[in-house]
Amino acid sequence: MSHEAAGPFHLGVDLGTTFTAAAAYSGGRIDVVDLGNRSTSMPSVVFLSDDGAFVVGETAERRAHTDPGRVAREFKRRLGDPTPIVLGGSPCSADMLTGELLRAAVATAVERRGAPAGTVALTHPAAWGPYKLDLLRQAGRMAECGDVVLVSEPEAAVMHYSSTERVEPGTVVAVYDFGGGTFDAAVVRKTADGVEILGRPVGIEQLGGVDFDQQVLRHVLSGVGDAVQELDHTDPMV
């Protein structure tokens, strides 16, 4: 793995429901960090090994094929839910799994850059309240990132858009985020030194790409009938 830089950098991480991405800022330049082996993003998947160690990302995806009872997916939608996620008989909270995902993302970025990360900024759905935001901060401390900076996803989207297109201060932008697990919408105004959210952002926490996948799968299964029941569900290929 080649190192992209040799000095401290600021890191931004988007902990998505299905995929996680990151970008580094240093010397006035922003670079996307390759979190995957062949892609810029990594699956937001955590696997608990027999020895109690957590495995994250593409490796977790591969391990999940042979031991699906030890894998956690889409746990971002469970943040704040007191009911634990059971992996291999061990209860895990969603914020713990989020911390492990963040820890892996930061470690990969540090390895790629060959330098320590300074400030770490995390994006989050705009509709999240104080309780979930505090859990996200705790996940940052769990991942040994210190006091993380929190930025709502619509604000991050407008800041990125205004860095590539001319957006005059005072411009009002409508942002919708149809992600892997949630749907969020907000109205944002560009200011002279940043952006501000107008009114109250709204979000649907149980509406995303994974829900559409489930509906498509349900439709397919209804069409093939009993043939699915005859398959060997312990076969990884199945």
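Trainee: What is the relative accessibility of phenylalanine 178?

Mentor: This is a predicted model, in which local features need pLDDT of at least 70 and side-chain atom pairs count only at pLDDT 80 or more, while totals for chains, interfaces and linings use all residues. Residues are numbered from 1 along each chain as its sequence is written, and side-chain values use heavy atoms, with hydrogens and water left out. Buried means under 20% relative accessible area, exposed over 50%, and partly exposed in between (1.4 Å probe, protein chains only). Phenylalanine 178 counts as partly exposed, because its relative accessibility is 39%.

Trainee: How is the ring pair of phenylalanine 178 and phenylalanine 183 classed?

Mentor: Rings of Phe, Tyr and Trp (its six-membered ring) pair if their centres lie within 6.5 Å; planes under 30 degrees apart count as stacked, over 60 as edge-to-face and the rest as tilted. By this rule there are three aromatic pairs. For phenylalanine 178 and phenylalanine 183 the centres are 6.3 Å apart and the planes stand at 55 degrees, so the pair is tilted.

Trainee: How many residues apart are phenylalanine 178 and phenylalanine 212?

Mentor: Their ring centres are 5.5 Å apart with planes at 85 degrees, so this pair is edge-to-face. Helices (DSSP runs of H or I, at least four residues) and strands (runs of E, at least two) are numbered from the N terminus. Phenylalanine 178 lies in strand E12 (residues 172-178) and phenylalanine 212 in helix H5 (residues 209-224), so the pair links distant parts of the chain, and the separation is 34 residues.

Trainee: Which residues does leucine 102 touch, not counting residues up to four places away in sequence?

Mentor: Leucine 102 is among the residues with the most contacts inside the largest core. Contact means heavy atoms within 4.5 Å. Residues up to four places away in sequence not being counted, leucine 102 touches Val13, Leu15, Leu122, Ala139, Gly140, Ala143 and Cys145.

Trainee: How far is the sulfur of cysteine 92 from the closest cysteine sulfur?

Mentor: A disulfide is a pair of cysteine sulfur atoms within 2.5 Å, and the whole structure has zero disulfides. Cysteine 92 is buried at 3% relative accessibility, and cysteine 145 is buried at 12%. The closest sulfur to that of cysteine 92 is in cysteine 145, too far for a bond, because the distance is 19 Å.

Trainee: Which side chain of opposite charge is nearest to lysine 190?

Mentor: Lysine 190 is found in strand E13 (residues 183-190). A salt bridge is a side-chain nitrogen of Lys or Arg within 4 Å of a carboxyl oxygen of Asp or Glu; for charge, Lys and Arg count as positive and Asp and Glu as negative, with His and the chain ends not counted. Lysine 190 is buried yet has no salt bridge; at 7.3 Å, the nearest side chain of opposite charge is aspartate 193.

Trainee: How many residues apart are glutamate 153 and lysine 76?

Mentor: The side chains of glutamate 153 and lysine 76 meet in a salt bridge (3.0 Å, N to O). Glutamate 153 lies in helix H4 (residues 153-164) and lysine 76 in the loop between E7 and E8, so their pair links distant parts of the chain, with a separation of 77 residues.

Trainee: What is the phi of glutamate 144?

Mentor: Most residues other than glycine have a negative phi. Glutamate 144 is found in the loop between H3 and strand E11 (149-152), and it counts as exposed because its relative accessibility is 69%. Although glutamate 144 is not a glycine, its phi is positive, at about 60 degrees.

Terms used:
A nonpolar core is a set of buried Ala, Val, Leu, Ile, Met, Phe, Trp, Tyr and Cys residues joined through side-chain atoms within 4.5 Å.
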